[in-house]
Amino acid sequence: LTASATGASALSITSNECEAVDHQGIVMGRVARINTRLITTTDDPFDAATVDSAAAQEEEYPSTQVNDDIFPEETVALRQILIVRILFSAVLVLSTIGIAVAVYFFVKGMEDKEFEYHFYSDSDKIILSIGHALRTTLSSADVMAANLMAVKHATNASFPFVTLPNYALQTAKLKHLSKAYSTGVQLVVTDEQREEWEDFAAVHGPPFVAEAWRLQAQDESFQGSLEKYPVIRREIFSNYPDVAPRPKGSGPYLVSWQSYPIIYEENSAPYNYDLLSFLNFRAGWNATLTTKRPSISGFSVVDLSDPLSQ
């Protein structure tokens, strides 16, 4: 505790923990220094004696500055710790990325295998379902053809002059089993048979049309209209480009005959329509007529922008 000549007083408390101090006051080891000065004055705070006293104390206890040169070992250790932390963080980040990538490819491989398994399994089911439906449809057609042949032999008739009795009732059941939209019989009529055929159709055609019309009125699966009764055409006709009888000598004709359901069309009729006049049907039917063997062709949709497809 010191006091200046002018009545100023200064309180200096110093606690030092060190191993050695040189003549310049530089600490040569671990230093924990608390230097607290309390300067009080009753006079002017900028009194010259007070300032001199503070300067004297500063000379007696010079402040120390800690830098890397004072603690070389501690600085190296801190740098090593920092490097270890950086390396450890990098290892953690790379490990996380590696594990994430490995999990991704593992899960992706498992999902690909599961997808392929289900794909092949479902595709097999679809193919089997299509095959079953096709067999059912062909079996239904075969049953109808067998019935037609049985009636032919029973009545001692010859084609195309054959009519199935109760056709609408029989084909309504077959249509339901085969999931078909409609069923029908088409007969080949030559030019030599045309006149006789048109007389035959005029007698046997209207009765089966009336029978089918009554039955489909009670058929819940029928989706057509019953407001207008279909037009009956006596002659073999075509509706391309206009509704008109087929020219004489343009045979053979693939004539529509018995069918179910009977669908009203303004430019058509329940029977006597020449399917060979419809260009999209001609290729498949020509193959059947030429080889006398069954043929399967695609279903053609009328393109309104193409006059030849209508």
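T171 counts as buried because its relative accessibility is 0%, and a residue is buried when this value is under 20%. T171 belongs to helix α3. Once its neighbours within four places in sequence are set aside, T171 is in contact with M144, T183 and Y260.

**Helices α3 and α4**

Two packed helices are described by the angle between their axes and the distance between the axes. Helix α3 covers residues 167–178 and helix α4 covers residues 194–216; their axes come within 8 Å and cross at roughly 45°. Because of this angle, α3 is oblique to α4. On the side of α3, the residues that meet α4 are Y167, A168, L169 and A172. Their counterparts in α4 are E211, A212 and L215.

**The nonpolar cores**

Which residues have the most contacts inside the largest nonpolar core? They are W197 and W257, in a core of 27 residues. At least two residues of this core come from each of α2 (72–155), α3, β4 (183–189), α4 and β7 (253–260). Helix α4 gives the most, with seven residues. Leaving aside neighbours within four places in sequence, W197 touches P160, F161, L187, V189, I236, V255, W257 and N272. Another core lies apart from the largest one. This other core has seven residues, including L254, Y273, L275 and F278.

**Confidence of the prediction**

The mean pLDDT of the protein is 74, and 72% of its residues reach 70 or more. Among the elements of the protein, strand β1 (residues 2–3) has the lowest mean pLDDT, at 37, whereas α4 has the highest, at 90.

| Stretch | pLDDT | Contacts in the model |
|---|---|---|
| Residues 1–46 | below 50 | 68 contacts beyond near neighbours in sequence |
| Residues 61–66 | under 50 | 14 contacts beyond four places in sequence |

Notes: Residues are numbered from 1 along each chain as its sequence is written. This is a predicted model: local features need pLDDT of at least 70, side-chain atom pairs count only at pLDDT 80 or more; totals for chains, interfaces and linings use all residues. Side-chain values use heavy atoms; hydrogens and water are left out. Axes are lines fitted to C-alpha atoms, for helices over the stretch in contact, and angles run from 0 to 180 degrees between N-to-C directions. Helices (H or I, at least four residues) and strands (E, at least two) are DSSP runs, numbered from the N terminus. Angles under 35 degrees count as roughly parallel, over 145 as roughly antiparallel, 65 to 115 as roughly perpendicular and the rest as oblique. Contact means heavy atoms within 4.5 Å. Buried means under 20% relative accessible area, exposed over 50%, partly exposed in between (1.4 Å probe, protein chains only). pLDDT is the predictor's confidence in each residue, from 0 to 100. A nonpolar core is a set of buried Ala, Val, Leu, Ile, Met, Phe, Trp, Tyr and Cys residues joined through side-chain atoms within 4.5 Å.
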